[in-house]
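Student: I have a model open and some database annotations beside it. How do I read them together?
Tutor: One feature at a time. Let us look at the model.

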Amino acid sequence: MLLTIDVGNTHTVLGLFEGDDVIEHWRLATDARRTADEIAVVLQGLLAQSPLLKGTDIDGIALCSTVPSVLNEMREMCRRYYGDVTAVIVEPGIRTGVPVRMDNPKEVGSDRIVNALAAIDQYGGPCIIVDFGTATSFDAVSAKGEYVGAVTAPGIEISVDALAAAGAQLHKVELVRPRSVIAKNTVEALQAGIIYGFAGQVDGIVERMAAELADDPDEVTVVATGGHAGLVVGESRSIDVHEPWLTLIGLRLVYNRNTT
């Protein structure tokens, strides 16, 4: 089985593949202070507690990270605890098959390239990937499978945190859909502003990106992923597909490209 690890700024998502299917998954808080040994203890604990994995061996590991300090510890963890397992870490020199048409390709996060690969493989191009993470990232992929550009906006959670910190009478609220857009209390007013506000942001940015990306914007497939995607997908008129495991799928594809 293939273990895939996506280390983001806020959360780390792990998925276990049997063939092309995700059969088990976990979401953890990303902690830049964790050592390789601590990461190994957490990982082995998760693997041990799953009823699906009794007696199952890990045949390969594929990982990407947007946090350099965690990447170093992940690399050491793979070396010390899984030294006999092929590990593919998405970094310069790894084949992804995605040409990057940016002024400085090294600035593009490895997770965004992995997402682009998965989106092209699953849905074809042109496409736009909307990743609801620490930031809300919009990635444009051409019909040829090239990563051609991006938009980055503040993410949902950090926006909520900033609003709660700056407003004396405001506080963090549960991120759920309110009864109506026009709210009757402060909690639902905040919920409406967050959910419908981000849905409107997505629709506005995607509309402009699609107009630049293709002669016919209707040909552009919009794929949503990330931890908070579920909050917005149902309220956005522009999102075509919700794929929560897009990055993990991309990691599986990168692993196959570099080991076959």
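This is a predicted model: local features need pLDDT of at least 70, side-chain atom pairs count only at pLDDT 80 or more; totals for chains, interfaces and linings use all residues.

Student: Is Gly109 buried, partly exposed or exposed?
Tutor: Buried means under 20% relative accessible area, and exposed means over 50%. Gly109 has 23% relative accessibility, so it counts as partly exposed.

Student: And Ser110: buried or exposed?
Tutor: Ser110 belongs to helix H3. Its relative accessible area is 14%, so Ser110 is buried. Beyond its neighbours within four places in sequence, Ser110 contacts Cys64, Ser65 and Val90.

Student: Which residues does UniProt list under "binding site"?
Tutor: The unreviewed UniProt entry gives Gly109, Ser110, Asp111, Arg112 and Thr186. Do not picture a single spot: the set spans 78 residues in sequence, and its farthest two C-alpha atoms are 39.3 Å apart, so the residues do not all gather in one place. From this set, Asp111 and Arg112 are in the lining of the largest pocket.

Student: How many disulfides does the structure hold?
Tutor: The count is 0. The test is distance: two cysteine sulfur atoms must be within 2.5 Å. For Cys64 the closest cysteine sulfur is in Cys78, 12 Å away, which is too far for a bond. Cys127 is in no disulfide either, as its nearest cysteine sulfur, that of Cys64, is 17 Å away.

Student: Are those two cysteines, Cys64 and Cys127, buried or exposed?
Tutor: Cys64 is buried, at 0% relative accessibility. Cys127 is buried too, with a relative accessible area of 0%.

Student: How is the chain divided into domains?
Tutor: Domain 1 covers 2–89 and domain 2 covers 125–244. Their centres, taken over C-alpha atoms, are 28 Å apart.

Student: Which residues touch the most other members of the largest nonpolar core?
Tutor: That core has 27 residues, and the ones touching the most other members are Val90, Val98, Ala116, Ile129, Tyr147, Leu251 and Val254. Strand E2 (11–18), strand E4 (60–65), H3, strand E6 (127–132) and helix H7 (246–259) each supply at least two residues. H7 gives the largest share, 7 residues.

Student: Why does this core lie between domain 1 and domain 2?
Tutor: Because both domains give residues to it. Take Ala116 as a case: beyond its neighbours within four places in sequence, Ala116 contacts Val98, Ile129, Val141 and Tyr147. Another core, of 26 residues, lies apart from this one and includes Trp26, Ala36, Leu63 and Ile89.

Technical notes. Residues are numbered from 1 along each chain as its sequence is written. Side-chain values use heavy atoms; hydrogens and water are left out. UniProt positions are given in the numbering used here, feature names are shortened, and annotations may be inferred rather than shown by experiment. On a 1 Å grid over the protein atoms alone, a cavity is a set of points where a 1.4 Å probe fits but cannot get out, and a pocket is an open set with protein on both sides within 12 Å along at least five of seven lines; lining residues have an atom within 4 Å of a point. Buried means under 20% relative accessible area, exposed over 50%, partly exposed in between (1.4 Å probe, protein chains only). Helices (H or I, at least four residues) and strands (E, at least two) are DSSP runs, numbered from the N terminus. Contact means heavy atoms within 4.5 Å. Domain bounds come from an automatic or database domain assignment. A nonpolar core is a set of buried Ala, Val, Leu, Ile, Met, Phe, Trp, Tyr and Cys residues joined through side-chain atoms within 4.5 Å.
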